[in-house]
Amino acid sequence: MANSNMFQFRTEEAPTLSAPVSTRGIIGWMRQNLFSSVGNTILTIIGILLAYSIFAPLIQFALIDAVWTGQNREACLPQEGGHSGACWAYVKAYFPQFIYGRYPAEEIWRVNLVYFLFAALLIPLATPTIPFKRLNTILFFGVFPFVALVLLTGGDFDIGFWAWSLVGAIALIGILLAAFQMLAGGRGLSDVTPVLTAFVGTAVVIAAILLFVSVDFGLVVVETAVWGGLLVTLVIAVTGIVASLPLGIALALGRRSQMPIIRMFSIVFIEFWRGVPLITVLFMSSVMLPLFLPEGVTFDKLLRVLIGVTLFSAAYMAEVVRGGLQAIPKGQYEGAMALGLRFWQMMYLVILPQALKMVIPGIVNTFIGLFKDTTLVLIVGMFDLLGQIQSSFTDPTWSSPSQGHTGYLFAAMVFFCFCFGMSRYSMFMEKKLHTGHKR
């Protein structure tokens, strides 16, 4: 009987108690992350005060005191004794110009169609779970640029003799190289087929593109001088982003090449473009370049800007990719060579996938910087989104104390949406590809 009093056995399972309120939920998160120590508490309070001092006036201006409707500046003038809030009625009135510039109103459907095709191809391409990635990639990078070019400009380009001469020269070089290898090297037709296919195939593709853009589809020709707003911003940013990545990869590989001529050319190219500011590149492409062209040869100003921005961005992209290539252990190269892979097979299948995965933050950082740098085209007379907003300030119909602040706030919101979207997508891809190498 004495032993039975010393021990007690529970016949039912004890109820599960929830964690204390102070360690779970929002209170627990705040205690752990914001008020875990005296120093963190002081920093949290300072941060709250700073955020309040910044966002409270912003919300007051953008929402509480804002004017949402109106026909002219009278609606946005501050009332007696009141505050002057954001004039969103002005943004609403100028919204078509901010998006399309001075593009003809009856042809705006072509711009909207380009926006739709861009989104319809980009969203499934950026979503990992959607299939048919190869077809999607071919359509986005191989078909969409030329369809967009024809839609936006109207097509029916007058292809000059020099363009067809270039196509013929590429095909002729391929045929002569193949013939030389067969005659001097004693090789058969099957041995020279890759060289022949590369040159002649390139010539055929270029010829097909030239024929496509020279066809008259019955569209009204719209000069690039009337483009503006978000249209110009997206055209420059997307073209620069899409074209600079493969060119940057090629330059990064060239800088690490064992062939002195290719390595020296890549180094000179990269250091030259990194040694000049983008403003200088834009001035050279718009003002100085036409002076060096033969008489009668001209290029569209937007095309010159696109080329300059692409080459400038490719130099920075090359250095980002080179950092990824240098981070690959030597054993990866040796393992690929031990498998009998050739140089391009080794790069395509083994090295570049790992290198690009490691430098995703740097690549996206370059893309975001390029997107924001598109505002510099204003100095060469092109009106991107920011330039279009600034040009609207001269309109006396909407002149008011809050017009400038509202315009710049609208531009900041648009740029923030695009740049923040790119940043968040890169973080999503980093997590999906496990680039953090967490243990």
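Phe118 is partly exposed, with a relative accessible area of 22%, a category that lies between buried, under 20% relative accessible area, and exposed, over 50% (1.4 Å probe, protein chains only). The model is predicted, so local features need pLDDT of at least 70 and side-chain atom pairs count only at pLDDT 80 or more, while totals for chains, interfaces and linings use all residues. Residues are numbered from 1 along each chain as its sequence is written, and side-chain values use heavy atoms, without hydrogens and water.

A pair of aromatic rings is described by the distance of the centres and the angle of the planes. Rings of Phe, Tyr and Trp (its six-membered ring) pair if their centres lie within 6.5 Å; planes under 30 degrees apart count as stacked, over 60 as edge-to-face and the rest as tilted. By this rule the count comes to 23 aromatic pairs. For Phe118 and Phe140 the centres are 5.8 Å apart and the planes stand at 40°, so the pair is tilted. Phe118 belongs to helix α5 (residues 108-126) and Phe140 to helix α6 (residues 133-153), so the pair ties together parts that are 22 residues apart in sequence. Helices here are DSSP runs (H or I, at least four residues), numbered from the N terminus. Elsewhere, one aromatic cluster is formed by Tyr90, Tyr94, Phe95, Phe98, Trp398 and Phe410.

The next topic is the nonpolar core, defined as a set of buried Ala, Val, Leu, Ile, Met, Phe, Trp, Tyr and Cys residues joined through side-chain atoms within 4.5 Å. The largest such core has 97 residues, of which Trp227 and Leu325 touch the most other members. Apart from neighbours within four places in sequence, Trp227 is in contact (heavy atoms within 4.5 Å) with residues including Tyr100, Tyr103, Leu152, Leu302 and Phe383.

Helix α7 (residues 161-184) has 24 residues and should span 34 Å at 1.5 Å a residue; its end C-alpha atoms are 33 Å apart, which agrees. The expected span is 1.5 Å times one less than the number of residues. Among the buried residues of α7 are Val167, Ile170 and Gly174.

Salt bridges are considered next, each a side-chain nitrogen of Lys or Arg within 4 Å of a carboxyl oxygen of Asp or Glu. The whole structure contains seven salt bridges. Arg255 forms one with Glu319, with the closest N and O atoms 3.0 Å apart. This pair links distant parts of the chain, since Arg255 is in helix α9 (residues 230-255) and Glu319 in helix α12 (residues 301-327), 64 residues apart. Arg255 is buried at a relative accessible area of 17%, and Glu319 is buried at 18%. Glu319 also forms a salt bridge with Arg274, where the closest N and O atoms are 3.3 Å apart. Arg274 lies in helix α10 (residues 260-274), 45 residues from Glu319. Through shared partners, salt bridges join Arg255, Glu271, Arg274, Glu319 and Arg322 into one network.

The structure holds one disulfide, a term for a pair of cysteine sulfur atoms within 2.5 Å. This disulfide joins Cys76 to Cys87 with an S to S distance of 1.8 Å. The link of Cys76 and Cys87 is right-handed, with 55° about the S-S bond. Both Cys76 and Cys87 are buried. Cys417, by contrast, is in no disulfide, and the nearest cysteine sulfur, that of Cys419, is 9.6 Å away.

Methods:
Helix = DSSP H or I, 4+ residues; strand = E, 2+ residues; numbered from the N terminus.
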